Amino acid sequence: MWFRLFFLICVVLAPLSAARADVKQTVKSQAPSGLVFVINEKGDVLVSQNADKTFVPASVAKIATAWFAMEVLGPNHRFETSFYMDDKRVLYVRGGGDPFMISEELAILAPRLLAKTKKKPFSGIVVDTSYYPDGLRMAGIENTDRSYNALNSALAVNFNTIFAVRDGKTVRSAEEQTPITPLAIQQFVERGKKGRSRISLAQEKPEVSALYAGELLAAFIEKSGGKNEGDVKIGRVPANLKPIHVHRQSRDLAEILRQMLLGSNNYIANQLFLEIGAHKLGGPVSIEKSLKVTRALLAKHGLSKSITLVEGSGLSRENKFTAQGLGQLLDKFAPYAELMTKSKKGSRYKTGSLSDVRTLAGFAETENNGLVRFVISLPGNTGKLRFRLLNIIEREL
């Protein structure tokens with residue numbers, strides 16, 4: 001009887017072992033220098049090629065940021081922006097680091113604010129960005145006007161970018177939902193932009209983004225039936241004032257993470273990374289606080305030696321992962337896998353790209369092993385190869 005049972009087990013396992021061997025050979029022939037690592041839900045290693053080397057995760061690092069955010073902030077967390085008004089009807093806005101203060105959110109915010117302050121004109125708007133210290137810089141962010149290099153801010157709109165069209169001397173908004181403002185026009189003219197483009201604002205003059213946020217807020221107040229008759233300035237909320245309105249972001253953290261992962265938004269990722277530290281240790285934000293909190297969380301789960309993260313977006317090459325470490329982290333992120341991009345076969349994944357790095361990681365739906373965790377890191381410009389390898393994993397494992 002035992003012999004028959006042993007024989008049956010061998011008959012069942014033999015094809016699976018052969019399939020794994022075939023997958024390994026196929027992976028090796030397709031990407032001999034690539035890192036490929038696959039484990040099942042039990043932690044058994046199914047494929048391991050060059051998996052003993054550390055690699056730069058690029059935007060795959062956003063999976064770690066998303067996990068940190070879920071662990072520290074919780075899926076129902078909502079960012080807040082506070083409003084104050086003095087006896088001269090000066091409106092003060094204190095930014096709370098909301099990463100999703102887009103035009104559509106301002107369209108929700110403005111009428112609610114006016115319901116609390118009435119529609120009598122404001123005599124000025126003061127933007128308070130003190131929640132983010134002056135000089136704050138994230139590793140990997142370069143001093144360019146590319147939208148993916150937008151600097152982080154306590155109060156910024158549309159991910160600290162302007163999307164507009166310049167035709168000769170005329171500048172107009174490139175999106176119906178966003179009014180054009182004087183500062184937006186000035187920025188496009190000063191930078192010599194032509195045609196349709198999206199630029200980041202906060203670079204050598206980070207105060208520009210705060211002023212633009214104030215201008216755009218004023219535009220939405222006007223669209224909602226209110227008015228600002230004074231200047232937009234940067235300053236602090238007087239200590240004696242109490243909030244007249246606190247706007248809570250209409251999207252909870254889970255939805256913000258979905259948008260961050262789908263769009264691979266660097267600005268959102270680093271806003272979240274900074275909030276993790278301040279939420280746990282108190283404001284204002286600082287990279288040191290966030291590193292302290294995230295490193296403690298990694299140590300708690302035995303990942304401190306296999307996951308090194310110096311910022312949340314993946315732009316920094318100082319971020320270093322091991323395949324085994326990311327595999328363990330994916331296992332912890334599994335309850336939130338549906339927030340990631342979905343393939344035609346039902347796999348969930350996140351891509352990453354730097355000039356000489358192409359990564360892909362997530363959860364693959366396989367024929368024989370169910371939902372497996374996979375990590376792929378390739379040198380050079382090999383973006384399509386990542387997905388060929390994922391197809392091999394889906395089809396042959």
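Reader: Are Trp 67 and Phe 68 buried or exposed?

Author: A residue is termed buried under 20% relative accessible area, exposed over 50% and partly exposed in between, with a 1.4 Å probe and protein chains only. Trp 67 and Phe 68 are both buried. This is a predicted model, in which local features need pLDDT of at least 70, side-chain atom pairs count only at pLDDT 80 or more, and totals for chains, interfaces and linings use all residues. Residues are numbered from 1 along each chain as its sequence is written, and side-chain values use heavy atoms, leaving out hydrogens and water.

Reader: How many aromatic pairs are there?

Author: Rings of Phe, Tyr and Trp (its six-membered ring) pair if their centres lie within 6.5 Å; planes under 30 degrees apart are stacked, over 60 edge-to-face, and the rest tilted. The count by this rule is 7 aromatic pairs. In one of them, the ring centres of Phe 55 and Phe 321 are 6.3 Å apart and the planes stand at 75°, so this pair is edge-to-face. Phe 55 is buried, at 6% relative accessible area, and Phe 321 is buried too, at 0%.

Reader: How is the pair of Trp 67 and Phe 68 arranged?

Author: Their pair is tilted, with 5.6 Å from centre to centre and 40° between the planes.

Reader: Which residues do ring pairs link into a cluster?

Author: Phe 100, Phe 159 and Tyr 267 are joined in this way.
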